[in-house]
Structures are given as structure tokens and as C-alpha cells.
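Please consult the sequence and the coordinates alongside the text.

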Amino acid sequence: MSHPVYKTDKSLELFKRALKVLPAGIPGHLGPVESQFIPTRAFPFYADRVKDSYFWDIDGNRYIDYMCAYGPNVLGYNNPVVEAAAAAQREKGDCMALPGRVQVELAELLVDTIEIADWAYFMKNGNDATSFAVMMARAATGRNKIIRIEGGYHGVAAWTQAAGRPGVTDADVGHNIILPWNDVAAFERAIAEHGSDIAGFIATPYDHRIFADNQLPAEGYWQKIRQLCTANGIVLIVDDVRCGFRLDLAGSARYFGFKPDLACYCKAIANGYNISTVVGIEALRTAAAHVFYTGSYWSAAVPMAAAVATIKELQRLDGANLMLAKGKALTDGLVSAAARHGLDLKISGAESMWYMRITNDDSLMLQQEFCAECTKRGVFFVSHHNHFINTSLTDDDIRQTLEIADEAFSIVAGRNPQRLNK
Amino acid sequence: MLDQSVLARCNLFGVLKNIEYLAEHDPESAAFLPERPLSIRFAVHGGPLATLRLNPAKADMLAGRHPATVVLGFASPEHFNRMVSGKANPIPLKGLHRLAYLTGPFGKLTKRLEGYLRPDEATLRDPERFRRSAEMTLYAAMFSLVEIANGDPQGRRSAARIPDGVLQVSVAGSVGVRIVARGGQLSATKGYDPDPRALLHFASLQAAADIFSGKLDTYTALATGDLEMRGYIPMIDNINPVLDLVAEYLK
């Protein structure tokens with residue numbers, strides 16, 4: 001079955017207007033360059049509206065959205081339970097001179113839900129959370145250095161970026177020690193060299209960097225890291241901003257069987273409402289209270305009400321396991337469809353937020369062609385980043401995705417006969 | 001701050017290397033090539049060493065020491081760079097009998113090169129001269145990029161992050177440059193690779209010229225398809241900061 005190819009002329013027209021008044025046209029990670037829209041004309045640039053697992057672009061095309069706004073869409077866009085809770089709070093007040101009652105209710109819910117949480121502290125973005133966690137580690141230990149993992153993404157603050165990037169100075173990153181993923185020996189060497197000055201170790205629950213197969217922790221990796229952190233007075237921080245609630249509602253750390261000191265959450269906690277949090281252990285409560293860290297909108301009540309409703313819905317649905325199962329059904333189907341056309345599709349990471357790559361070349365060109373052909377027909381895939389499942393994804397969405405993927409694989413195979421499996 | 005030694009390498013292996021192109025593609029330049037073979041060695045104290053081989057119909061810029069009819073010495077990279085800017089003279093160390101060629105036809109050849117790399121309106125209006133100008137500009141930028149990536153401190157830092165492979169830079173209906181990355185070191189050759197790991201493709205010479213002159217920004221060009229990138233994007237992503245430096249070095 002052949003699926004119609006979308007036109008996205010209105011997106012391009014609006015983008016040209018945007019270029020005159022917005023740096024890069026669409027600043028940040030949603031821009032066509034940062035989003036790896038390759039070729040750009042295969043992709044829409046602007047969304048008009050959303051519902052459940054879909055967005056509609058401004059040309060009126062509907063897409064099954066596997067980016068889920070890069071993670072926040074966890075229950076389906078405009079989930080009625082979440083929207084009702086947000087609306088009820090909005091009636092009472094959102095950004096106020098004092099926090100709402102809901103701030104306490106959300107903190108209690110997080111403490112009850114996340115295994116290591118004895119307290120919660122709220123902010124707006126993942127970057128706010130990771131930067132706060134790093135400040136807390138320094139405040140609690142009186143040390144300077146932070147261990148982080150090569151290729152790990154913790155936001156956009158200068159300390160999270162690489163020296164030499166525009167606007168990033170050597171001083172900004174001077175206290176970072178960058179280690180390979182899954183390398184306990186490298187951590188031991190870093191402790192031997194800098195041990196008395198290492199404040200914290202920050203990493204995502206597994207290696208979900210872009211442009212590369214994602215890697216789960218090796219057997220015993222996290223347990224050994226935990227042991228070394230404890231023995232050397234180093235604060236262990238898990239950046240659960242991307243994985244959070246898609247592996248385990250009690251925290252991705254519990255999924256992998258270890259207990260960090262701090263955990264950062266953002267994307268999935270309020271189904272698209274803007275809020276993030278750091279949760280931590282009792283021993284770091286004082287440090288959390290003493291670090292001065294705040295913002296104009298950080299106590300806004302509507303996102304907190306949305307977060308309460310989101311977490312309760314995820315509990316009711318057993319959301320993490322539901323998304324893992326849906327992801328498994330989808331990715332199994334994608335692998336089979338690729339194989340039918342002589343292509344090898346490798347799936348890595350957790351199925352609820354899988355990374356996929358056609359391995360018949362090492363340049364990602366086949367992967368880029370595949371994602372473009374899918375997107376042109378209504379399945380929104382990007383080639384560089386892991387994708388996301390949300391709980392509203394239906395069996396029919398998966399079936400339609402697999403049909404379109406089959407057509408896209410067929411096109412890619414037809415264009416690249418020399419690359420196919422024999 | 002520009003590294004003068006890197007700038008000298010850009011001037012030699014990015015800018016003056018285009019004399020090769022002039023000899024091959026610019027009929028008017030033929031009159032300024034020597035009637036019998038001539039090799040000019042540029043010996044820059046504390047900087048690069050290169051030899052420009054000129055024949056009646058061909059030119060080659062070679063890195064390193066090669067047999068030379070004429071040797072031009074420079075006290076420092078700064079001295080060489082001032083010479084390129086027309087603000088200093090070289091020290092002739094050998095081949096004084098060919099001095100008349102250097103001050104005469106060779107000077108006209110380099111003037112012609114400058115005319116293509118800093119084109120006036122008349123050059124831009126003439127389709128054939130525009131093509132030569134745009135192609136030489138692309139070559140100057142790409143070969144200078146390699147020098148900056150290998151020599152400039154900031155460039156080296158970016159180059160260290162470039163994954164191994166071939167980046168193919170190409171212009172529709174025009175020329176291509178293969179940039180090879182190996183262990184954080186770059187090299188470049190003219191032409192096309194059968195199996196590049198990443199592609200940076202300009203849809204037309206006009207698009208390439210507009211992007212290099214700053215008339216067209218890359219975000220617009222990528223959105224409209226005037227510029228296309230494909231393949232292993234971390235290669236291009238880490239080359240971009242070096243490209244920014246090219247603009248600094250060659251302005």
C-alpha cells in the first residue's frame with residue numbers, strides 16, 4: 001500500500017519569516033538543523049495542534065509523533081485528566097506571591113513515589129535540575145570537581161558543554177572530569193588523582209547519547225560506582241530527565257538496582273507542563289535548603305497540579321511497563337520490516353525510549369533516508385536521537401506506523417541495492 | 001587572535017594554491033605563466049616551507065622542500081603574510097636571474113588571483129568569471145580549513161572531536177573537495193570520494209558564493225535546500241567551529 005506524501009510549504013513560508021526576527025529561525029533543539037531534519041524539505045517545521053499521540057503541522061498534515069516533544073508527552077497530548085487538574089488549579093491561581101498548597105502535595109507524592117526521595121525541590125527545566133544538583137554536591141562536600149560521562153547530555157549551561165563551543169570558556173568546564181561510560185577503572189583512576197576534590201558524579205541511568213547506539217549499564221557497573229562514591233564522599237547524581245518514569249515510576253535507578261543521592265527529573269513528570277525537580281536523600285536536605293536557587297515561575301501552581309495528575313495517572317496505568325511493552329511491539333515490528341527489505345535495523349536502549357539505526361552503512365545516511373520517508377508519510381521519526389513512546393499510543397497507531405515504515409524501507413532499499421544484506 | 005604561522009599556511013596552501021586553478025581554467029592567466037619551467041620555494045623562517053612549480057600550462061603547490069629555481073626567504077610568518085597583503089617584499093635568496101619574471105608576469109598572475117578571490121561587480125556578472133571566482137573561493141576556504149584545524153589552538157580542539165571518515169564537500173555541477181579526518185588531523189584533496197561518511201552539498205555555485213560571502217546564512221540555506229548536509233553529522237558539527245575560524249583567517 002502506498003501512502004500519500006505530505007507537502008509542507010506553509011512551514012517553509014513561516015520559517016522564512018522567522019529567520020528575519022528569530023536567530024536561526026527556530027532557536028534551540030527544535031530547529032531544522034539541530035533536529036537533523038535531513039533533508040529539511042521532508043520535515044514540517046511548525047505544529048498547529050496536538051492530541052494523544054499526534055501532532056498536526058500548519059499545512060494540516062497529521063503525524064504519529066515518536067518524539068513526544070522530546071519526552072514530555074508521556075500520557076498523550078492534552079490528556080483529559082491532566083488538563084482538568086491544570087484547569088482547576090488555573091481557576092484558583094498559577095503564578096502567585098506565595099506557593100500554592102499543591103507544592104506540598106506534589107512533593108509528598110514524589111517522596112512517596114521515587115525510591116530515594118526524602119524531599120523534592122522544584123524548578124523549570126532539566127538544565128535547572130542538573131545545575132542545581134551539581135551546586136548541591138559542591139555545597140555539601142566543599143569540593144570542586146564533577147565527574148561526567150563522555151557524550152552525556154545534561155542541558156545547555158556552560159558547564160555542560162564542550163570547551164571551544166561558542167560562548168564556552170575553559171573556566172566554565174575547568175572542573176569537569178570526563179570519563180567513558182561503563183568504565184569503573186577510569187573512575188578509580190580519577191579518584192586516585194583527584195579524589196579529595198571530587199564533589200559529584202553525574203550520569204544518565206544508561207548511555208543514551210545521540211548519533212550512537214545506546215548502551216545499558218554493564219552488570220554491576222552502577223553498584224560499583226555507588227560503592228566508590230560512598231567510600232570517597234562523592235555525591236552520586238542521576239540525571240533522570242530523559243528516562244524518568246519511562247523505565248520505572250520509582251526511578252530509573254531502582255530499575256537498574258542502585259540508590260543515588262540525588263535524582264533529576266523533568267520531561268515526563270507533568271505531561272508537557274513546565275516543571276522539573278531534584279529529589280534527594282535526607283543527608284542532602286540541608287545543602288538543598290542552603291543553595292540559593294530560584295526563579296520567577298518556579299513556584300507556579302498549574303504545572304504542579306498537572307504533575308500530581310500525571311504521576312497518579314502513570315501509577316494507575318502502570319505507565320512505565322505499558323510504554324515498555326508498546327515500545328517492544330513497535331520495535332519488533334520495525335526490525336522485521338527492515339529485514340524483509342534486506343536492511344538490518346539495530347534497536348538499543350529501553351524500548352519505551354528506543355534508539356534505532358540501520359547498520360548497513362556507518363554514516364547514518366540510510367537511517368536519514370528512512371526517517372525522512374516515514375515523516376513525509378505521517379510517522380515522525382528523526383535520525384539522530386532516541387524516540388519516545390507515550391501511553392496513549394494505540395495498536396492501530398503501531399499498525400499504521402509499521403505499514404509506513406515498510407514502504408519507507410522499500411524505498412531506501414530500492415535506492416541503495418549495493419548496501420543490502422545478501 | 002590569529003596564529004601568524006597558521007595564517008601563513010592558509011595563504012600558501014589555501015590562497016596561493018589557487019594558482020593551480022588559474023593555470024588550468026583561466027585562459028587569460030596562460031599569458032603570465034613562464035615559457036620554461038620555474039619553481040619558487042617559499043622559505044618562511046619559523047613557518048611553512050612550500051614550492052610552487054610553474055610550467056607553461058600547469059602549476060602545482062607542493063608542501064615541503066623541493067628543487068627550486070628561485071628561493072624567496074621570509075624572516076617570519078608575519079613577514080610572509082605582509083607580503084601576501086602587498087605590504088612587504090620577500091628576500092630573494094636564489095634565482096636572481098628570474099627576478100624579472102617574479103616582478104612582472106608572476107605579479108600579474110597573483111593580481112589576477114586576487115581579482116577572483118575579491119571579485120568586483122563585473123566579475124560577478126560574467127557567468128564564466130563568476131564560476132571561477134566561486135570555485136576558487138571554495139578551494140581557498142576548504143584548504144585553509146585543514147590548516148586551521150591542524151594548527152590553530154581552537155581549531156585543533158574542534159578537530160580532535162571530529163570522528164574519522166571522509167567529508168565530501170561538493171557544489172552541484174561544479175567542483176568537490178574531500179576532507180579526510182583521521183585521529184583529529186585533517187587533510188584535503190580535490191575531487192570526489194565514492195563512499196564518504198558525510199556530505200556537505202551546495203545546490204548551486206550561487207548558493208556557495210552567497211554563503212561564503214555572508215549574503216546567505218546557513219540556516220536559511222539548509223531550510224531551503226540551497227545547502228544540504230547528510231551522513232554522520234558529528235563530523236560536520238565539529239567542523240563548523242573551524243569554518244567560523246576560516247572566515248576570521250581569510251577576511
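## A buried asparagine in chain A

A:Asn271 is buried, its relative accessible area being 7% (buried means under 20%, with a 1.4 Å probe and protein chains only). The residue sits in the loop that joins β9 (262-265) to β10 (276-280) of chain A; strands are DSSP runs of E with at least two residues, and helices runs of H or I with at least four, numbered from the N terminus.

The side chain of A:Asn271 comes to 2.8 Å from the backbone nitrogen of A:Leu75, and one of its polar atoms lies 2.9 Å from the backbone oxygen of A:Gly76. Beyond neighbours within four places in sequence, the residues in contact with A:Asn271 (heavy atoms within 4.5 Å) include A:Pro72, A:Asn79, A:Val82 and A:Thr310.

## Basis of the model

The model is predicted: local features need pLDDT of at least 70 and side-chain atom pairs pLDDT 80 or more, while totals for chains, interfaces and linings use all residues. Residues are numbered from 1 along each chain as written, chains are lettered from A and ligands numbered from 1 in the order written, and side-chain values use heavy atoms, without hydrogens and water.

## Two helices in chain B

In chain B, helix α6 (residues 127-151) packs against helix α8 (residues 205-212) at about 55 degrees, with the axes 10 Å apart; axes are lines fitted to C-alpha atoms over the stretch in contact, and angles run from 0 to 180 degrees between N-to-C directions.

Note on methods. Buried means under 20% relative accessible area, exposed over 50%, partly exposed in between (1.4 Å probe, protein chains only). A polar contact is a pair of N or O atoms within 3.5 Å; within protein, one must be able to donate a hydrogen and the other to accept it, and residues adjacent in sequence count only if both atoms are side-chain atoms.
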